[in-house]
Amino acid sequence: MSKIVEVQDLVKYYGSGENLVKAVDHTSLCIESGKFTAIVGRSGSGKSTLLHMIGGLDRPDSGRVLIDGKDIFGLKSDRLAQFRRKKIGFVFQDFNLIPSLNVWENIILPMGLDGRKVPVEEVEEKMEYLGLLGKRKAMPAMLSGGQKQRVAIARALVMNPAIICADEPTGNLDSQSELEVVDLMKKCVRDYGQTLVMITHDEGIAQMADCVILIEDGKVVSQS
Amino acid sequence: MKMVTKVAYANMKYHKSKNILTGIAIFLTTLLLFLVPAVGFDSVELQFAVTNKLYPTWQALYRNVDTDTVNRLRAHHDMETYGLRSDVGKIANEEAEISMYYMDETGMELYRIELTEGHVPKEKSEIMVSKGMLDSLGIHAGLGDTVRFPVQKYVGNQLDYIQETEFQICGFLPDSEAALENQTYMALISREYMEEIIPGEEIRYRFLFRVSADERTEIDKLKDQIKGIAGKFGISEAEIGFNDDYLYANYTDPAQLPIICLIMLVIIVAGVITIYSIYYISMTQRIQEFGRIKAMGATRKQVRQIVLREGFCVALIALPLGLAVSTVLLKPLLLYFVNMAGKSAFRQGYEEILRNGECNLYPWWLYLLTCVVALVTVYLSLLHPMQKAAGISEVEAMRYQEKQSGSRERKGYQDLTVGRLAKTNLYGDRKKSVLTILTMSITGMFVMVVATALSCASPSESADSDLYGQYELSLDTESGNQEHPEKEWDRVIANNPLTAELKAQIERLDGVERVETFTNVMVESDLQYQGEIAANQVLGLPESCFEELKKGIVEGKASWSDLLEGDKVIVNKALLYWCPEVKVGDQIQIRIEEEGQMVSRDLEVIAIGDYRFGLTGFCDLIFSKEAADSLLRQDCTGSFQVLAEKKYDAKLEKELQELAASSGLVAMQTWKEKYDFWKNSMNITQIVCIAFLCILSMICIMNLINTMIHSVHIRKKELGMMQAIGMTDAQMAKMLRMEGLFYTSGTLLLTIGAGSILGYPVFLWMKAQHLYSVTHYHYPTEAAVIVVVVMVAVQLLLTTALARSVKKESLIDRIRFSE
């Protein structure tokens, strides 16, 4: 398997003076393409910061993140946004759907931003795959937590990104929905050949991963 | 500090940006609430102070009062102060007009006559003169010197033969600039001298007086009181003279109050709309906040108090600031306005009083009034937000996660673009979008309506409307002026100075195109308003004016042959204000005095017309010149209307002035004078209106700023998420710009569209009322362009600033943001 993500000596600080916190401390790691990688660690260990930097949402103080061999922080802000749009899909704990858009519009949003014509059949196929076809016109306020997260997954998948970054996607879900969502995501990775990087507290979910990275005090303690 | 106040204070600090905007709106509202009445009241107060400084202080006078009536009037219980003046005669002089009066000491005080030297005349031979008067007579004399003057005493209304009389100068009077310029002087003589030359029973006084009244007394009531006293002593109303300048300066004129109240109402409405809108829009964001407070045990009343006190806390900072800035601005503003009013003795006095601080410009009650009205404005603005916050259910508020919009399915778009994203956001929060557009448009429409009124008021057109041509030479007549009986119309036309020879002389002047002759005949008619004759002039126009006459007809029909007949007349629409019952087909009876006999004629109203002042002047009954000329045997030429090649020609004006002066009792009006008058008066109005509208617009812009900031603030997370999934900075800026442009275009559509439509009836009303002599509609293009440019510029600047401020926060912080 080839490396899709390569993190090199990444450092990220928060705060200043006495309140200076080193969230990520000279961390280096590799993530293989087409695999489900779980990042685990205690609260405040720096795992979310690491994931955000891998996804290009946050900039490091030093170090590099290479995706498909490209240093993403070498890109200017707008180029990075375009890169994220094409290469990376995001799923968050609190769904982050756009409340004024209906389910269909939320899903096709990255395509709209990319100025692409929507391949209706392809999107509908993904919606069917995620059990959302009947909810096309529904507004986010009408959906349950599980349904909202499925919409968020559909939105992350719609551009066929190489990597899906999921930040505790099951944190706001009941146990039934939790399993459904993880299964779905794993299925997507398998069926669409994508790389899933997921942060989780849940040991059960971590065990379902192909690779588990343990973070403590901003450093990679183990990678298995 | 009570917990409710503590929470309100903490809220004020936490919601800083919203409260800064509210504070600016309250500050601007306070500024207007203080400055509008302050400039209004202070201008009037200053005018009154100048009047009190320069004008006589008697309230009224009774003319032609004999000694017996004077003694009885003195005993009347309403008389507070009284003085006497008697016009004894004149000192003959070709260059100057020198009147000779007897005046008692109180009379001198009431006339503000102060001696520069010596004492008032007591002995028969004593006289008080001025240096200017002596100079005009070519006499060099000092205090105590004996001089001889050619005295002409009055016998009835006529002047007697000259009698050289010897006097001893006992005192000197000052010469005013106006007296020196006009060569009009007075000499005061003693009672003994007056009684010597005029028999006691023939002496007639002017009884100058003040009755007991305080400043709250209304002028009309005071006048009625004075008329009442006159009636009791058999003094006719024609013999009463009111010192109107003094009366209006010292007693209440009820007409001022409604105008000030109306302007203040407009400010309150603009303030309420803006502050309400700012609070209303932010209230949706704070539902959870109030829900939590209620869940912790706060009562509805306490929640209402929190919202109210937060608003009042902001007002406590903004209001004193507004008052302080207004206080600083007031004096320079008044000085600016007075400087615009041109040069005059009155203006100099005004400026002097202003600079020396002789008039209290800052009455305490004005501050109190501003505070009360501003706080009431804030309270009214907060009423609905208070009710909304208090009405939130605890459970509903705690569950509240996202905007409640979207509880129904929506078809949506197959493809998404940045424009469509902006549209869905605006549609999703349509109540807020509509409210913002409506509140901003109301102010905008007001701006456009006032701008229409200002653009229709053109000094050039007003001057055109006020004068038929470029110059008017008319009879200098005055009715009922006991000072100048020679100016009575019937005496002037007996030897009419507007002769054919004068007309020919005018026509020969370079630059004159033609001269039209208008006939004016003074009549009595049976049309009355409150006991007075309403139509007392007949106007005869030449055939060249018929087209304009015909065009102005609003009811009925008239042909030139009708107007030649002499018993058919067009009624000027202005007459309907006094006599609304007049209609086409009515018969009006007029009476004309000819050789001491009254001759009646019946006139049929064949049409009613609306005409410019330049055509009809104060005449209400119009027919042909030929018909008007046939009414009397005398030459009734009332005016020569001079149509010149240029609107203003200094050389021609001078020549005409010389001709008018040499003809005697001919007054001249010029287009330039009218133009200058209108330009000056419109300039002041324009500047006041523009300043007022600018502040009002700034209040309105606060609303736009609030809506945009709020819209970005509450969507910080949403915008962050959009950027996370690939929205570029440029796309975000474009989306915000499109949203802003939606508010701007919606507001502009209503402002320009509805404002322009509403402006037209205002123009029609101004035209009907002959306000500023408005004649033509002018679309306020400049104002419309300025409104569009300012709104678009503010909006673009705002969205650029907002997009930049959003970028300052890291993407991840925005995604993590929760209210």
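Author: Axes are lines fitted to C-alpha atoms, and the angle between two helices runs from 0 to 180 degrees between their N-to-C directions. The model discussed here is predicted.

Reader: At what angle do the axes of helix α27 and helix α29 of chain B cross?

Author: Helix α27 (residues 671–714) of chain B and helix α29 (residues 729–768) of chain B cross at roughly 145 degrees, and their axes come within 11 Å. The crossing of α27(B) past α29(B) is right-handed.

Reader: Which residues of α27(B) and α29(B) make the contact?

Author: From α27(B) come Leu704(B), Thr707(B), Met708(B), Ser711(B) and Val712(B), while α29(B) supplies Leu736(B), Glu739(B), Gly740(B) and Tyr743(B). By class, the residues where α27(B) meets α29(B) are 5 nonpolar, 3 polar and 1 charged.

Reader: Turning to the two chains, how many residues does each bring to the contact?

Author: Chain A contributes 41 residues and chain B contributes 34. Together the chains bury about 3,300 Å², with 57% of that area on carbon and sulfur atoms.

Reader: How many residue pairs are in polar contact between chain B and chain A?

Author: There are 14 such residue pairs, counted where both residues have pLDDT 80 or more. On the side of chain B that touches chain A, α16 (418–428), α28 (716–724), α29 and α31 (811–816) each supply at least two residues. The most comes from α28(B), with 6 residues. That side of chain B has 12 nonpolar, 11 polar and 11 charged residues.

Reader: How should I read a salt bridge, and how many lie across the interface of chain B and chain A?

Author: Side chains of opposite charge can pair when their charged atoms come close. The interface of chain B and chain A holds 2 salt bridges by the rule applied. Lys117(A) forms a salt bridge with Asp415(B), where the closest N and O atoms are 3.8 Å apart.

Reader: What is the count of salt bridges over all chains?

Author: The count comes to 34. Within chain A, Lys87(A) and Asp68(A) meet in a salt bridge at 3.3 Å, N to O. This pair links distant parts of the chain, 19 residues apart: Lys87(A) belongs to helix α2 (residues 77–87) of chain A, and Asp68(A) to the loop between β4 (62–67) and β5 (70–71) of chain A.

Technical notes:
Residues numbered from 1 in each chain as written. Chains lettered and ligands numbered in written order. Predicted model: local features only at pLDDT ≥ 70, side-chain atom pairs only at ≥ 80, totals over all residues. Heavy atoms only, no water. Helix = DSSP H or I, 4+ residues; strand = E, 2+ residues; numbered from the N terminus. Left-handed = near helix turned anticlockwise from the far one by under 90°. Contact = heavy atoms within 4.5 Å. Nonpolar A, V, L, I, M, F, W, Y, C, P; charged D, E, K, R; others polar. Buried area = accessible area lost by both parts, 1.4 Å probe. Salt bridge = Lys/Arg side-chain N within 4 Å of Asp/Glu carboxyl O. Polar contact = N/O pair within 3.5 Å; in protein donor to acceptor, adjacent residues only side chain to side chain.
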